[in-house]
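Here's a quick briefing to read alongside the model. Have the sequence and the 3D view open as you go.

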2 protein chains.
Amino acid sequence: MKIAMLGAGNVATHLSKALINAGNPVAQVWSRDHNHAIELALQIGANSIVDIADITEDVDLVIIAVKDDAMSVVSAQILPQNSRIVVHTSGSTDIDLLNAHPKSGVLYPLQTFSKEIDLDFNEVPLCVEGSDADTQNMLLNLANQLSNKTQIVSSAERIKLHISAVFACNFTNHLYAIAHDLMLESAVSFELLKPLIMETVNKINNHDPKSVQTGPAIRNDTSTMNKHLKILESKPDLHDLYRLISQSIVKMSPISECPAK
Amino acid sequence: MKIAMLGAGNVATHLSKALINAGNPVAQVWSRDHNHAIELALQIGANSIVDIADITEDVDLVIIAVKDDAMSVVSAQILPQNSRIVVHTSGSTDIDLLNAHPKSGVLYPLQTFSKEIDLDFNEVPLCVEGSDADTQNMLLNLANQLSNKTQIVSSAERIKLHISAVFACNFTNHLYAIAHDLMLESAVSFELLKPLIMETVNKINNHDPKSVQTGPAIRNDTSTMNKHLKILESKPDLHDLYRLISQSIVKMSPISECPAK
């Protein structure tokens with residue numbers, strides 16, 4: 001199978017390497033910034049191309065791994081061919097975006113990628129969708145070579161999964177960044193928080209997260225929450241975040257659902 | 001050393017067990033709900049007492065591990081004695097709250113405790129403060145028997161640490177709970193998100209969290225964020241949270257700090 005990769009960012013990089021490892025090398029790489037295409041092509045032994053029109057006719061699979069808002073422009077530049085499958089890698093983009101192509105699909109890796117951090121792609125859940133049964137089977141077959149955790153997921157379900165991932169991953173990382181910045185103002189190191197952060201994650205391996213919620217908000221400990229809010233007064237953004245997330249925890253609490261208010 | 005534990009919740013339970021393991025058994029347990037005191041006392045081979053006034057004169061160390069807003073009432077009921085140290089375990093309560101007692105201090109375990117989940121107290125960071133050098137040394141000595149990660153932390157620094165812990169632990173757990181609930185509406189299991197959650201945490205072991213932020217907000221990918229917000233329209237609380245946290249990520253982004261706006 002001859003593959004062209006459109007995009008040279010985090011997802012394109014990790015997916016290209018996983019394809020190589022599974023014996024499906026990428027032949028051509030395109031990126032809006034040609035220097036990025038050259039850089040990735042060099043790493044994976046592919047050819048970089050300047051224009052999407054340079055995708056050779058014998059390419060069987062085109063993978064669009066660009067920013068979501070660039071996807072439709074990129075797709076429109078790929079020549080539709082009956083024998084070619086065009087897929088994207090986006091969590092939040094419907095498969096319909098690729099309707100111009102006779103065979104289309106989605107390969108959505110549910111993981112957080114950074115170019116400089118290696119990870120075992122075998123353990124990355126890979127969500128697959130195809131425009132028809134044959135295409136879907138072909139893509140699932142390829143996905144199974146890349147990962148031990150593949151699943152057929154429809155466009156409607158995939159976007160919900162993506163939203164959940166944003167909450168559970170992107171947003172939690174931002175909370176770590178906030179905690180990190182707060183500790184920079186103190187003589188105490190962020191390192192001291194790491195056992196707590198690890199234990200918080202370990203807990204949800206065997207427990208429904210709601211059942212192991214701790215902290216001032218779930219106890220409705222307004223005295224502590226008010227002390228914290230007072231200290232955060234000089235940081236309006238954090239003050240608002242603290243208030244809103246605490247309110248959300250209080251609402252989720254079983255206590256607040258008690259009919260005797 | 002003879003110890004009395006006031007409180008029978010998560011912190012009181014784990015701290016009592018750690019004290020026993022270090023050869024410092026708790027002699028007396030009190031709780032506002034006497035049944036809870038009986039329950040903990042049975043577990044740790046202590047006597048339960050009905051009134052705080054029942055603390056025997058020979059008790060050298062009284063540990064107040066109750067809800068923050070109950071702490072001052074509880075402290076006021078402990079007879080001040082020159083030879084007795086009274087400590088609390090709160091992240092957000094100043095040591096001054098215990099001023100009525102000649103010797104006072106703080107033993108703040110920086111960890112998330114659930115009664116039913118065992119953990120290795122040796123790995124729990126223990127923040128120590130004392131009203132005077134002798135008391136502080138004595139408490140640090142005790143703390144070193146309980147944990148390998150002890151540190152002297154002033155009241156002013158401790159509350160900042162507590163706020164950071166709320167962001168990095170309590171709030172992240174709530175985001176897991178939100179993701180978990182969203183997945184309940186889908187045919188896809190929350191399990192599929194766990195590799196992503198683990199990788200998000202693993203990343204910050206070796207990287208500044210800000211430097212490994214991923215997701216639509218850090219890319220300022222408004223198209224994806226708007227799609228997500230549209231789906232969350234039926235859930236106003238989640239809609240507001242999504243918007244506010246995304247805005248906060250955009251503000252933290254190095255791109256938004258670029259002078260050329």
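A word on naming: helices here are DSSP runs of H or I with at least four residues, numbered from the N terminus. With that in hand, Thr200(B) sits in α6 of chain B, the helix covering residues 194–206. Keep in mind that this is a predicted model.

**The A–B interface**

- Between them, chain A and chain B bury about 9,200 Å², and 68% of that is on carbon and sulfur atoms.
- On the chain A side, Phe167(A), Leu192(A) and Leu196(A) contribute 7% of the area buried against chain B, more than any other three residues.
- In residue terms, 91 residues from chain A and 91 residues from chain B take part in the contact.

- Four salt bridges are counted between chain A and chain B.
- A salt bridge joins Lys251(A) to Asp237(B), with 3.1 Å between the closest N and O atoms.

**What chain A brings to the contact**

- The elements of chain A that give two or more residues to the side touching chain B are α5 (155–184), α6 (194–206), α7 (222–231) and α8 (236–252).
- α5(A) has the largest share of that side, with 26 residues.
- By residue class, the side of chain A that touches chain B splits into 46 nonpolar, 25 polar and 20 charged residues.

**Cysteines**

- There are zero disulfides over all chains.
- Over in chain B, Cys169(B) is in no disulfide, and the nearest cysteine sulfur, in Cys127(B), is 14 Å away.
- Cys169(B) is buried too, with a relative accessible area of 3%.

**Back to Thr200(B)**

- Is Thr200(B) buried or exposed? Its relative accessible area is 3%, so Thr200(B) is buried.
- Setting aside neighbours within four places in sequence, Thr200(B) is in contact with Thr112(A), Cys169(A), Thr172(A), Asn173(A) and Tyr176(A).

Methods
Residues numbered from 1 in each chain as written. Chains lettered and ligands numbered in written order. Predicted model: local features only at pLDDT ≥ 70, side-chain atom pairs only at ≥ 80, totals over all residues. Heavy atoms only, no water. Contact = heavy atoms within 4.5 Å. Buried area = accessible area lost by both parts, 1.4 Å probe. Salt bridge = Lys/Arg side-chain N within 4 Å of Asp/Glu carboxyl O. Nonpolar A, V, L, I, M, F, W, Y, C, P; charged D, E, K, R; others polar. Disulfide = S-S within 2.5 Å. Buried < 20%, exposed > 50% of the residue type's maximum accessible area, 1.4 Å probe, protein only.
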